[in-house]
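Hi,

Here is the structure I said I'd pass on.

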Amino acid sequence: MDRPSVLFVSLDTVRADVAYSGKFPGVEGLRRRGVTFRQAVSSCPLTPVSHATVFTGLQPPNHGIRHLFREQLRADVPTLAERLREVGYRTGAVVSCPGLNKWYGIDRGFDFYDDEIPLLPDGRDPLAVGDVKLRGLALKRAPMVAERAGDWLAEQNSPFFLFAHFFDAHWPYEPPEDVGVAVDNPYEGEVAYSDHYLGVLLDRLAAAGHDIDSMLVVCFSDHGEDLGGWYSNDHAGERGHPYEEGHGCLLHDATQHVPMIFSGPGVPTGREFHEQVRLVDIMPTVLDLLGLPATPTDGESMVSFFRDLAGTSRPAYSETYFPQEKREASEYRELRALASVRTDGRSKTIWQPVEGGAVDWYDLTADPDEFHPVPLVSPTVAPPAVSPVVD
């Protein structure tokens, strides 16, 4: 069978509310072409952990990466790129930050994997630096992502699988170019910058003879960003959590509620769904759309949304073990790993899975910004979302 080419676009560090604000032409064009999931949830507010979930369909306990820079992808876990290469796809990726370095193993299955990034301004190797903000100074800017991805595309025949990763919305929020989009703050300026070069990449696709409407496109973010007061649901800094420098230590919606857009063959156009889905659902959905056999995953195909124009919400598990690393390297001795389950957009429970302690429940209808937790008794079992599925 003739299968469509596949394009994955990761808009790293982009919040759902900002992505869906209507300000960004690239995102809006994809939304018109396909389906927008308004309530998508990330598994972790860390780049390597979240992307590993996207490319394996597994939650962090099962794919093996749980900290910022301690673990690599489990060798026995198949990746989406491996599955597509097995059936004849040419596979390429251009990534733009330390968190997607080949060391993690997320490059498995890619024929071409460009993870080149510069050293930090002080000359250090960013892979040896645990500070999530400082590491963000080492990045491949959006023009280079679009250029190198476009160069690879120009040499490909269909079918291909391209992963383009834009990291510009990460701190320090200093957009290098005004792309003519009215924004409210420098963070949104960086999102606009990424979005502009997403458009450049799509133009390169067309120039190379690839029809985007005949291609399966998945656009998502790995996590959002807590801006310490620029948005009503921020919790960082003076909002009570000085250690939360953008993302990594908390599991509130500022970082866990992310954009997710599908377009292409088998996907209706111009539709929105408000039922809750997860990044862990991306891989099984892509395999289903391509008519490929499913692999054991923690996710569930979303093709029913496309076929029936309806679906049901799925409980969303998230975790972060970065607080353990942050505690070891800072004065914040109170930091603990966190886990959460967000139900159908109406409630969320957050707890400490390793050392015990506070368990907080949030009524997201009455308290959408998550400032009024209701204490609960500590859970005694892990949620079903993390049950092992890999032998």
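A quick word on terms: on a 1 Å grid over the protein atoms alone, a pocket is an open set of points with protein on both sides within 12 Å along at least five of seven lines, a cavity is a set of points where a 1.4 Å probe fits but cannot get out, and lining residues have an atom within 4 Å of a point. This is a predicted model, where local features need pLDDT of at least 70, side-chain atom pairs count only at pLDDT 80 or more, and totals for chains, interfaces and linings use all residues. Residues are numbered from 1 along each chain as its sequence is written, and side-chain values use heavy atoms, leaving out hydrogens and water.

Let's start with the second largest pocket. Its lining is made up of 13 residues, and Gly130, Asp131, Phe322, Glu325 and Ala329 sit nearest the centre. The space in there comes to about 220 Å³, a volume being the space filled by probe spheres set on the grid points, which are joined across faces, edges and corners.

The largest pocket holds about 340 Å³. Among its 21 lining residues, His241, Tyr243, Leu250, Leu338 and Gln352 are the closest to its centre.

The largest cavity has about 100 Å³ of space. It is lined by 13 residues, with Thr47, Leu68, Val132, Arg135 and Phe167 closest to its centre.

Cheers
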